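Colleague: I would like to go through this model with you. Could we begin with the aromatic rings?

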Amino acid sequence: MLVLGIGNSLLQDEGIGIHLLHFMQKHFSAFPDVTYLDGGTLSFTLASEIEEHDHLLVLDAVELHAKPGTLCCYENEAMDHFLGTAKRSAHEVGLLDLMDIARLTGHLPPHRALVGIQYQTFGWGEQPTLRVKHNIPLAGRLAANILQKWEFAAHPPCIPHHAPKLEIVS
């Protein structure tokens, strides 16, 4: 699983993906088989990294036309649609191009998601704005839930055949 943070951490909310990536590394480092990668402001060199993984989780600043700090999560085709419909990601062109390269080479990760936070400003500064900063932990938990879902799907718990069946009584 690849967790890819995108952004420029010198431009306040433009660095949302990087700040969120660091939060994930600090608080959710126990996930097995997860690679955390600072993608900066994107580069075509990331295409090979994306193609090597079956699971891709992108963390980024997004344009939702909503209040700063608003969260979003798009998975699989919903992510593709979100990236392809309008300028909604601060790095949409580069990310969309990387996804198209993976698709054209037949290596598009079958499991992919975007967790984004509505930005407020891209002014100079190493810290995100307060509304955005306040929601980074919530976005981190949302991203961790996606990783947990993927991990569970890849390694479901063993339930013995002799285990009693659960019955829901209403």
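Modeller: A search of the whole structure finds 3 aromatic pairs, where rings of Phe, Tyr and Trp (its six-membered ring) pair if their centres lie within 6.5 Å. This is a predicted model, in which local features need pLDDT of at least 70, side-chain atom pairs count only at pLDDT 80 or more, and totals for chains, interfaces and linings use all residues. Residues are numbered from 1 along each chain as its sequence is written, and side-chain values use heavy atoms, with hydrogens and water left out.

Colleague: Why is the pair of Y74 and F82 stacked?

Modeller: The ring centres of Y74 and F82 are 4.4 Å apart and the planes lie at 20°, so the pair counts as stacked; planes under 30 degrees apart are stacked, over 60 edge-to-face and the rest tilted.

Colleague: Is F82 buried or exposed?

Modeller: F82 is buried, with a relative accessible area of 2%, whereas Y74 is partly exposed at 22%. Buried means under 20% relative accessible area, exposed over 50%, and partly exposed in between (1.4 Å probe, protein chains only).

Colleague: Changing topic, where is A61?

Modeller: A61 belongs to strand β3, residues 55–62; strands (E, at least two residues) are DSSP runs, numbered from the N terminus. A61 is buried, at 0% relative accessibility.

Colleague: And how many residues of β3 are buried?

Modeller: 8 of the 8 are buried, so β3 is largely enclosed by the rest of the structure.

Colleague: Which strands does β3 join?

Modeller: Strand β1 (residues 2–5) runs parallel to β3, with 4 bridges, and L2 stands opposite L56. Strand β5 (residues 111–118) is also parallel to β3, with 8 bridges, and D60 stands opposite G116.

Note on methods
Two strands pair if DSSP finds at least two bridges between them.
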